[in-house]
Amino acid sequence: MMADLYQSQRAMRQMRRQAMQRGVVAILDVGSSKISCLVLRFDGTGRLSDDNSIGSMAGQTGFRVIGAATTRSRGVQFGEINAMQETERAIRTALQAAQKMAEIRVDHVIACFSGANPRSYGLDAQIELESQMVNEAEVARVLSACDVPEYGEGRDVLHAQPVNFALDHRSGLSDPRGQLGQSLAVDMHMLTVDGAAIQNLIHCIKRCDLELAGIASSAYVSGISSLVEDEQELGAACIDMGGGSTSISIFLKKHMIYADSVRMGGDHVTSDISMGLGVPMANAERIKTFCGGVHATGADDRDMIDIGGDTGDWEHDRRTVSRAELIGIMRPRVEEILEEVRARLDAAGFDHLPSQQIVLTGGGSQIMGLDGLASRILGQRVRLGRPLRVHGLPQSATGPGFSSAVGLSLFAANPQDEWWDFEIPIDRYAGRSLKRAVKWFRDNW
Amino acid sequence: MQQVKRNRLLPVLFRSKVPEAQDADFAAGDYDPQGQGIPLEGAGRIRLSTKRADPAPSRWSYRLQRWMLTPGIRLGLRIGVPFCLAFAIGSAFLSSEKRRDALNMFVADVRASIQERPEFMVNLMAIDGAGDSLSADIREVVPFDFPTSSFDLDVEQIREIVVGLDPVKSATVRIRPGGILQVDVVERMPVVVWRTREGIEILDETGAHVDDLKARADRADLPLIVGDGADKSVAEAMALLHAAQPLGKRLRGLVRIGERRWDVVLDRDQRIMLPTERPVRALERVLAVNEVQELLERDVAAVDMRLGARPTIRMTQNAVEEWWRIRKASGNGQ
């Protein structure tokens, strides 16, 4: 089973390499409330500016967004596909619009999604080095020496990133290659999700005549884009409040060390409003975005909101509700989400981290007054995060709702080394010499 | 009553009869222009439940769009299709002999109509720097009938023709504003008369032929040179003639001997035979001797200067006999 995963992930890496060679790749964020698609053009590796500083684009100058489109998501719930045809149509809509804007055909797509019950595992392993020096093969050997826990039938590994290496008694090495020592130890973070969700997504993308060049968890990628460098280094949690699910990722030393998701999001707030006020979902969404909030003041009692209607019944169509009532509906649900997040963070041991920074992002984080409520529940150091600036991103796609799309662009440009980026150690191949010969031919010819 | 904004996309239903009694107020509302009654606002929403158009592209339109965005296809459509279309239309049009001829005719007509505009016409030729006979010759040789279009005139060709005429040393030809073909000619100046067996010619200082003469007397002012190849060394002849000026009227002409050296011929059949090398110097020596001894006044048939170290004099028959007689008379045998 491990080898299968290894092969499919390597195949995706191969696709990504091809896409980089062609220079164009599409980024697809399959969310519960919207599907956004960016088309990236890669023009050489990222260059630092003349004075060797990192520059205004935080070093992310290797690519440029040449097409962007967003469409209302259909058939996605809790970040998982549950109506394949609908989702396929929505993906097609977004992709077509983005391709039209970019005026180029895109064949490779890198996708991310938030649901499918992500679960984090910390793995570690230690080996005695065969030679004095740590080389690529030794790293691969120590990675494969990790004993993988039983993560359940029907689940797949989405990310498996070595986050820390220790050589003899020196820990905290990010790259031990070339160093001398006796024993090498590794800590690895592994994220598993439901395999069915991945299979559904792959199937949808295949039906759009596209090749999947990579897949990522949106918890991870929105952390990449909305946490600033220091926060990633010192430790911070990124909470991406999406439509159908709220994903949590904890970063330390520039690596994700924990990810989880709460299966509640902005759509639940909307449906609460819809049920509470007796209005259609579309109206409830509009009321939420224009008038919503979580802190009621005295003035809100007198602030009457026209909740409207379209029935033709005069009485029904001219209902109003005070803003305080609306807040009264929204607040418990937002609190519930944040409490749940708090519980997940506690379970992950977030309060043991050196830094307690929490960054709220995602479309749901735009609720007015959310930072105040969040700091009461999650801790004092809460800020609202927006995605990093990247070249060519249209103004309409710079909001916090696009942090996972932007993060996925960064991920596409500079992917982190994962388990499958290292060669399989030779002993795994034992007894399959014919396959090895074929592989050798394929690799070299 | 407030005007109700109506969704124009929805069909409007109308009441069957005009309201009356307490409903009559509503009659002030929207009347249907056709007078069918009062519209029932919102009644059209009965149809609202019909399925809205799917915003997503169909599978085939999606594929078509992707196909059209492929770089090769785009290039083909942008360049290949217009090219093929233009080529096909062009070859279809030109496939018929009649249409081809008509096209050629049309092109020729357009050309002619432009070329024959009065601005481009050349009406006459002006010749400067040539005598009457030469002008007549030039008019004869230039192969154009005026007026003609300046597009048809090849100025360079005309210049070649004019320069090809013997009496013309150089020429410039240009078309002057006002439709005049201006030919500026520099004539060759004849300096010597050259008599050969075929006839009498006049040559300029480079030995080039200028004209034929009927008689020597026509240009008695010019000195005479004779002999094969004399025209090839006219410059030397001119130098000799210049040096021979002290001889004045006695000089008859120069004779080229064997295409290598000159004889100066004087009256009384006297000759001064000059060497191939430095003939002017030799002539000057003879003239110097003549100055002092009056050599040429005596009865001398030829002064032979061909060997510079040993100038020789040939006397006439009479002089020799006279000399012998004097020697016999003096009797000393000296």
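**Close-up 1. The largest nonpolar core of this predicted model has 115 residues.** If you want to find your way around in here, start with the residues that have the most contacts inside the core: Ala26(A), Ile27(A), Cys37(A), Ala98(A), Val109(A) and Ala111(A).

**Close-up 2. Ile27(A) and the residues it touches.** Skip the residues up to four places away in sequence, and Ile27(A) still touches Cys37(A), Leu38(A) and Leu40(A), among others. Also on its contact list are Ile110(A), Ala405(A), Leu408(A), Ser409(A) and Ala412(A). Two of the names here, Ile27(A) and Cys37(A), also turn up among the residues with the most contacts inside the core.

**Close-up 3. Ala116(A) sits in a loop of chain A.** The loop in question runs between strand 6 (108–113) and strand 7 (119–128). Ala116(A) counts as buried because 25 other C-beta atoms lie within 10 Å, and the cut-off for that label is 20 or more. Leaving aside neighbours within four places in sequence, Ala116(A) is in contact with Gly79(A), Glu80(A), Val193(A), Asp194(A) and Ala197(A). Look for Ser245(A) too: it is 129 residues from Ala116(A) in sequence, yet the C-alpha atoms of the pair are 9.9 Å apart in space.

**Close-up 4. Where chain A and chain B touch.** Chain B brings 13 residues to the contact, and chain A brings eleven. On the chain B side, you'll find five nonpolar, three polar and five charged residues.

Key
Residues are numbered from 1 along each chain as its sequence is written. Chains are lettered from A and ligands numbered from 1 in the order in which they are written. This is a predicted model: local features need pLDDT of at least 70, side-chain atom pairs count only at pLDDT 80 or more; totals for chains, interfaces and linings use all residues. Two residues are in contact if their C-beta atoms, placed from the backbone, lie within 7 Å. Ala, Val, Leu, Ile, Met, Phe, Trp, Tyr, Cys and Pro count as nonpolar, Asp, Glu, Lys and Arg as charged, and the others, Gly among them, as polar. Helices (H or I, at least four residues) and strands (E, at least two) are DSSP runs, numbered from the N terminus. A residue is buried if 20 or more other C-beta atoms lie within 10 Å of its own, exposed if 12 or fewer, and partly exposed in between; C-beta atoms are placed from the backbone. A nonpolar core is a set of buried Ala, Val, Leu, Ile, Met, Phe, Trp, Tyr and Cys residues joined through C-beta atoms within 7 Å.
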